[in-house]
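Me: I'm new to this structure and would like to learn how to read it. Can you take me through it a feature at a time?

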Amino acid sequence: LASSSSPIGTSILSLRDTAPSRFCQTSEDQTISCFISLVYKLRENDFLPLLISLLEWSEETVAKSITFFNLTSQLSEKLQGLFLLFAGSIFVSLVGKLESCKPDNADSGFESKKRKKSGMEFMGDLEKYCLMTLFNILKFDTTHTFLTADRFDSILPILLELICTTDITHLQPTLSELPIAANNPRLWKQFNFQLLSRAKSIEPRVRQNVASVYLDFVAKMGQSYSDLLSDSLPFIAELLEDSDETVEGTVKEIVEKIEEVTGESMDQHL
């Protein structure tokens, strides 16, 4: 298993790709669980070549990429901060895969017409596992050393593009965690402006997605949000008058959360 040339590690993970008609999510998750148990027995110098070998294997097909990032999502959850030692090896690929999940790219990168028909399902799975992996990387980066400004700049525009999708179950916690992991006031301001600018969309769903992410962001920022308040007020004031009741309701929750974390009333501002 530790050998990068061994076929064992890849063959047991290939069912989604080689036999899609017989694929079972539970079976893949059980296989990954067993695989992770074996990983625990490896030394660091053995694991990194194995991870890189699996990454190269995953680039062959979309199905293999989905399985690989399912593996990394579970592995990063188990290893927590230790996974940060290896996360740099997969980050560029993760960014590229999320780029391919953007709505305007949803039909690209498939290797057969049959799979193009199920493209949205494929891209949904790929997006989910990439976001779960990224969230774990951000959450467990307690020293705030992984998410450099360059990495932040490479991933933020892609995540903001994904905010127009219907289901943001996995995007919401990941996107709101991004500035927290960055731990940089300049990047906080950049994130704050770019996210709120998305609320200019004519689509109520997009505005609601922005508001939902922003509510999480304010809660995670806590007292530090005070430094962003003056820049945010014009956007919040406009959203409080939103024609969509759901959006308006979420923005009222944002106002309440701002008052909670800053300790000051918003009445004088709005």
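Reply: A residue is called buried when its relative accessible area is under 20%, exposed when it is over 50%, and partly exposed in between, using a 1.4 Å probe and protein chains only. Phenylalanine 47 has 5% relative accessibility, so it counts as buried. One thing to keep in mind is that this is a predicted model, where local features need pLDDT of at least 70, side-chain atom pairs count only at pLDDT 80 or more, and totals for chains, interfaces and linings use all residues. Residues are numbered from 1 along each chain as its sequence is written, and side-chain values use heavy atoms, with hydrogens and water left out.

Me: What share of the residues in the chain is buried?
Reply: Of the 270 residues, 50% are buried. As for the accessible surface, worked out by the Shrake-Rupley method with a 1.4 Å probe, the chain has about 12,800 Å², and carbon and sulfur atoms account for 52% of that.

Me: How many helices and strands does the chain have?
Reply: Helices (H or I, at least four residues) and strands (E, at least two) are DSSP runs, numbered from the N terminus. Here you get 14 helices and 0 strands.

Me: Back to phenylalanine 47: where is it found, and which residues is it in contact with, leaving aside neighbours within four places in sequence?
Reply: Phenylalanine 47 is in helix α4. Contact means heavy atoms within 4.5 Å, and with those neighbours within four places left aside, phenylalanine 47 touches Val39, Leu42, Leu75 and Phe86. Take phenylalanine 86: it is 39 residues from phenylalanine 47 in sequence, yet their C-alpha atoms are 8.9 Å apart. Across the chain, 73% of the contacts between residues at least 6 apart in sequence join residues at least 24 apart.

Me: How do I read the way two helices pack?
Reply: Two packed helices are described by the angle between their axes and the distance between the axes. Axes are lines fitted to C-alpha atoms, for helices over the stretch in contact, and angles run from 0 to 180 degrees between N-to-C directions. Helix α4 (residues 44–58) packs against α5 at about 150°, with the axes 8 Å apart. Angles under 35 degrees count as roughly parallel, over 145 as roughly antiparallel, 65 to 115 as roughly perpendicular and the rest as oblique, so α4 is roughly antiparallel to α5. On the α4 side, the contact includes Phe47, Leu51 and Trp57, and on the α5 side Phe68, Leu71 and Leu75 are among the residues.

Me: How many nonpolar, polar and charged residues are in the contact of α4 with α5?
Reply: Ala, Val, Leu, Ile, Met, Phe, Trp, Tyr, Cys and Pro count as nonpolar, Asp, Glu, Lys and Arg as charged, and the others, Gly among them, as polar. This contact has 8 nonpolar, 3 polar and 1 charged residues.

Me: Where is glutamine 80 found?
Reply: Glutamine 80 is in the loop between α5 (62–79) and α6 (84–100). Although not a glycine, glutamine 80 has a positive phi of about 55°. With a relative accessible area of 39%, glutamine 80 is partly exposed. Asparagine 183, in the loop between α10 (171–182) and α11 (185–197), also has a positive phi, near 55°.

Me: And how many disulfides are there?
Reply: A disulfide is a pair of cysteine sulfur atoms within 2.5 Å, and by that rule the count is 0. Cysteine 34 is exposed at 51% relative accessible area, while cysteine 164 is partly exposed at 27%.
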